[in-house]
Amino acid sequence: MVGLDLSGESLRRARSIAGRAGADIEFVQANVYDARRALAGDFDLVYTSLGVLCWLPDVRAWARVVASLLRPAGRLVLRDDHPVLQAVGDDTTHGLTLHEPYFQRTDPMTWEDEGSYIEAVDGAPAVTHPVSHQWNHGVGEILTALLDAGLVLDEVTETRYSAWCRWPELMERCPQGYRFSDPALRDRLPLQLAVVAHRPS
Ligand SMILES: C[S@@+](CC[C@H](N)C(=O)[O-])C[C@H]1O[C@@H](n2cnc3c(N)ncnc32)[C@H](O)[C@@H]1O
């Protein structure tokens, strides 16, 4: 098993967790767009978990990298925030209204925020570089990128729960993570997108 990340600090933490779990994982520091060059061999499974696509300006280039890493019949499992969740943005003063782009744009959404969803450890500041740039990608853009990269879609799921508490004032814990406290809202907005795809044999 190989884990890849741009950030040396993320990898340091990942190595520490893997060590404590006794898991034999190789960790490689690279930009995901360079993953084909950075990693040797083909893979049975590419797994990309939460908070992944929003950092990538070009979803089509990402899909081509994924396809290039898979052996024939190898699978992609993608689980990420739903792009609609990103489009709503932070401000829910007037309910769930759209503040951010849904579709991929060349220009990023840019924020300056010294807080982080990760707890600071050892009294260190949570964030030393507070400006972040993110890009949204619509469901159609993500799925078409995977199809155009040569993958076959097996399953596409939109969920009524998210893995993290996106809007604390509107959400409550549930067995899978967090959901809207108001049952009426649960049928209005998908919170997570999960895709299973494979490379043809
Ligand atoms: C929100 S975290 C996701 C963490 C992990 N998926 C999880 O569920 O715990 C986003 C991670 O993506 C990494 N990242 C952002 N852009 C990247 C890129 N272009 N190539 C590789 N990793 C990147 C960041 O360094 C960070 O560790």
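Guide: Before we start, one term: a nonpolar core is a set of buried Ala, Val, Leu, Ile, Met, Phe, Trp, Tyr and Cys residues joined through C-beta atoms within 7 Å. Also, keep in mind that this is a predicted model.

Visitor: Good to know. So which residues touch the most other members in the largest nonpolar core?

Guide: Those are Ala 63, Val 66, Leu 76, Leu 146 and Ala 149, out of 19 residues in that core. H3, E4, H5 and E10 each supply at least two of the core's residues.

Visitor: And which element gives the most to this core?

Guide: That would be H3, with six residues.

Visitor: Let's stay with Ala 149. What does Ala 149 touch?

Guide: Leaving out residues up to four places away in sequence, Ala 149 touches Ala 63, Arg 64, Val 66 and Ala 67.

Visitor: Now H5. Which residues of that helix are buried?

Guide: H5 runs over residues 139-148, and Ile 142, Ala 145 and Leu 146 are buried there. They sit on the same side of H5, because the arc they cover around the axis is only 95°.

Visitor: What covers those buried residues of H5?

Guide: The cover includes helix H3 (59-69), strand E7 (152-159) and strand E10 (192-198).

Visitor: And which exposed residues are on the face turned away?

Guide: Gly 140 and Asp 148 are the exposed residues on the face of H5 turned away from its buried side. Just after the helix, Gly 150 has a positive phi of about 100°.

Visitor: Which residue has a positive phi although it is not a glycine?

Guide: Ala 73 does, with a phi of about 75°. For background, most residues other than glycine have a negative phi. Ala 73 belongs to strand E4, residues 70-81.

Visitor: Is Ala 73 buried or exposed?

Guide: Exposed: Ala 73 has 11 C-beta neighbours inside 10 Å, and a residue counts as exposed if 12 or fewer lie there.

Visitor: Switching topic: what surrounds the ligand?

Guide: The surrounding residues are Asp 5, Leu 6, Ser 7, Ser 10, Asn 31, Val 32, Ser 49, Leu 50, Gly 51, Val 52, Trp 55 and Leu 56. Sorted by class, that shell has six nonpolar, five polar and one charged residues.

Visitor: Last one, the whole protein. How many helices and strands are there?

Guide: The protein has six helices and ten strands. Its radius of gyration is 18 Å, close to the 17 Å the globule rule gives for 201 residues, so the protein is as compact as a globular protein of that length. Buried residues make up 17% of those 201 residues.

Methods: Residues are numbered from 1 along each chain as its sequence is written. This is a predicted model: local features need pLDDT of at least 70, side-chain atom pairs count only at pLDDT 80 or more; totals for chains, interfaces and linings use all residues. Helices (H or I, at least four residues) and strands (E, at least two) are DSSP runs, numbered from the N terminus. A residue is buried if 20 or more other C-beta atoms lie within 10 Å of its own, exposed if 12 or fewer, and partly exposed in between; C-beta atoms are placed from the backbone. A residue is near a molecule or strand if its C-beta atom, placed from the backbone, lies within 6 Å of it. Ala, Val, Leu, Ile, Met, Phe, Trp, Tyr, Cys and Pro count as nonpolar, Asp, Glu, Lys and Arg as charged, and the others, Gly among them, as polar. The arc is that of the directions from the helix axis to the C-beta atoms. Two residues are in contact if their C-beta atoms, placed from the backbone, lie within 7 Å. The radius of gyration is taken over C-alpha atoms; the globule rule is 2.2 Å times the number of residues to the power 0.38.
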